[in-house]
Amino acid sequence: MRYIVLFFVVTVVHVAGLASAQNLRSGPMAGFTDMQSTTIWLQTDAPGLVELTYWPRRQGPSISRVHQLQTLGLASNTAHMQLQGLAPGEIYDTSLSIDGKDVLAPGAFSFATPALWQYREAPPAFTFLAGSCHFTNDPETDRPGPGFGAGYEIFGAMAQMKPAATLWLGDNIYLRETDWHSAVGIDNRYKKSRALPALQALLRTGQHWATWDDHDFGPNDANSSYPLADESRAVFKRYWANRSYGSSQLPGIQTVMSLHDVDVFMLDNRSFRDDAFKGRPAERRQFGDEQMRWLRNALANSRAPIKIIASGGQFLNEINPWEGWHWYPKERADFLKWLEDESIAGVLFLSGDRHHSVLMHTQGEKGYAYWELTCSPLTAGTFPARQEDLNNPMTQPGTLVTQRNFCAIHVEGAAKDRRLRLQVRASDGALLWERALTVTQLGAQTHKPTSK
């Protein structure tokens with residue numbers, strides 16, 4: 001009999017916990033969004049019933065739909081609300097309640113679906129933002145001394161630019177010694193970092209796409225041997241809403257996400273990584289043979305005139321004392337040669353990690369134009385410029401920035417004259433430099449015909 005009573009008490013307590021009004025901890029945030037669907041992410045303080053009401057702005061709230069989802073402690077009270085049956089080219093306004101309590105006023109959070117412009121009109125102009133290395137101070141677990149993080153106003157400046165999507169390029173949080181020994185520790189660090197008040201306006205603006213680097217995967221310089229790699233991947237999926245995360249044949253977080261006429265290939269530089277400093281260089285792999293095979297197939301299959309290849313660490317830089325693809329020389333050389341041999345056009349490499357931003361350029365033996373934009377840091381610490389970086393022949397004059405910053409990639413121009421206007425902006429949004437690259441300057445200088 002006492003077992004029945006105990007079960008009744010536990011059940012009552014559990015139901016009571018679900019019924020109590022809870023607050024919004026962070027979000028909402030739109031993940032990958034296509035013409036007909038999106039995933040809205042948010043997190044509550046405790047388990048609660050989330051109700052999102054949404055409607056097309058041009059029609060008003062009289063034409064509204066409601067999506068309900070119960071957040072649960074087992075998922076850290078996160079919600080991935082998958083909205084289907086949307087219309088292309090619409091802005092949707094929303095209202096949000098938790099356990100019947102209004103937590104966001106109508107119109108405080110909106111999301112937009114891409115327009116159906118193909119075969120109808122010119123491709124739209126739009127803006128990506130990009131950045132890496134976001135450090136949120138936590139005096140209880142940080143190293144002694146001044147806080148490593150600062151300049152959180154950068155997120156407000158980014159939100160003011162109203163990006164179509166923000167690309168998070170890794171080190172999006174910084175796991176501490178207290179964190180990387182357990183899945184709970186990893187989750188707690190995400191939870192603390194994501195709830196930063198200064199971040200919320202940006203989370204509620206545009207789509208958010210992410211990959212990782214060592215500090216949001218595990219310990220510094222972590223590789224595929226990290227014992228909690230699977231748990232780290234599960235927490236990553238809990239806090240982001242990408243289009244996909246690897247595949248059953250190739251577990252990881254790599255994916256391709258598209259917006260208008262741009263394909264973004266988000267790579268996983270941790271799950272398949274060999275140690276960067278031990279063993280024969282020719283045998284080391286950063287991305288792994290199967291991920292590189294996947295990437296080559298994805299690029300060959302892409303019909304987008306602009307192809308952004310993104311990863312946490314630098315791709316091209318030969319003069320980098322820290323982690324970079326240059327520590328995996330054969331894997332890198334084979335891929336760069338493949339790009340040139342196959343005349344893959346419209347390629348821009350995009351990376352983070354270095355605690356500075358810079359535009360780099362080099363040419364292949366057949367004249368292939370390799371360009372890379374490195375974006376870092378958002379709020380983590382900065383370091384003085386090294387002479388090796390300033391004198392690097394790949395470094396484009398006037399583009400090395402060692403203060404906290406973010407990058408903007410403006411996609412604009414007519415269909416046959418698309419160009420990227422690259423910008424680096426300071427924490428307050430001030431323009432530090434700008435360069436324009438036409439699609440014809442990226443990658444192959446001549447286009448191979450492709451089948452229709």
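Guide: Asn-172 lies in the loop between β10 (165-169) and α3; helices (H or I, at least four residues) and strands (E, at least two) are DSSP runs, numbered from the N terminus. The model is a predicted one, in which local features need pLDDT of at least 70 and side-chain atom pairs count only at pLDDT 80 or more, while totals for chains, interfaces and linings use all residues. Residues are numbered from 1 along each chain as its sequence is written, and side-chain values use heavy atoms, with hydrogens and water left out.

Asn-172 is buried, because its relative accessible area is 4%; buried means under 20% relative accessible area, exposed over 50%, and partly exposed in between, with a 1.4 Å probe and protein chains only. Leaving aside residues up to four places away in sequence, Asn-172 touches His-134, Ser-193, Ala-210, Thr-211, Asp-216 and Trp-240, where contact means heavy atoms within 4.5 Å. Asn-172 and Gly-381 are 209 residues apart along the chain, and their C-alpha atoms are separated by 13 Å.

One of the residues touched by Asn-172 is Ser-193, a buried residue of α3. Helix α3 (residues 183-194) has 12 residues and reaches 16 Å from its first C-alpha to its last, close to the 16 Å expected at 1.5 Å a residue; the expected span is 1.5 Å times one less than the number of residues. The buried residues of α3 are Gly-185, Ile-186, Asp-187, Arg-189, Tyr-190, Ser-193 and Arg-194. They pack against β1 (24-33), β2 (38-44), α4 (200-203) and α5 (229-239).

Trp-240 leads on to the aromatic residues. Ring pairs link Trp-240 with Phe-155, Trp-168, Trp-212, Phe-217, Tyr-226, Phe-236 and Tyr-245 into a cluster. Rings of Phe, Tyr and Trp (its six-membered ring) pair if their centres lie within 6.5 Å; planes under 30 degrees apart count as stacked, over 60 as edge-to-face and the rest as tilted. By this rule the count comes to 28 aromatic pairs. Phe-287 and Phe-315 form one that is stacked, with 6.3 Å from centre to centre and 25 degrees between the planes. This pair links distant parts of the chain, 28 residues apart: Phe-287 is in the loop between β13 (262-266) and α6 (289-301), and Phe-315 is in the loop between β14 (306-311) and α7 (329-341). Both Phe-287 and Phe-315 are buried.

Tyr-190 and Trp-240 also belong to the largest nonpolar core, which has 35 residues. A nonpolar core is a set of buried Ala, Val, Leu, Ile, Met, Phe, Trp, Tyr and Cys residues joined through side-chain atoms within 4.5 Å. The residues with the most contacts inside this core are Phe-155, Met-158, Trp-168, Tyr-190, Phe-236 and Trp-240. At least two core residues are supplied by each of α2 (154-160), α3, α4, α5 and β18 (405-412), and the largest share, 5 residues, comes from α2. A second, separate core of 34 residues includes Ala-165, Leu-259, Ile-308 and Leu-442.

In β15, 5 of the 5 residues are buried, so the strand is largely enclosed by the rest of the structure. Val-347, Phe-349 and Ser-351 lie on one side and Leu-348 and Leu-350 on the other. Strands β14 and β15 run parallel and are joined by 5 bridges; two strands pair if DSSP finds at least two bridges between them. Ile-309 stands opposite Phe-349 in β15. Strands β14 and β15 are also among the elements that cover the buried residues of α7.
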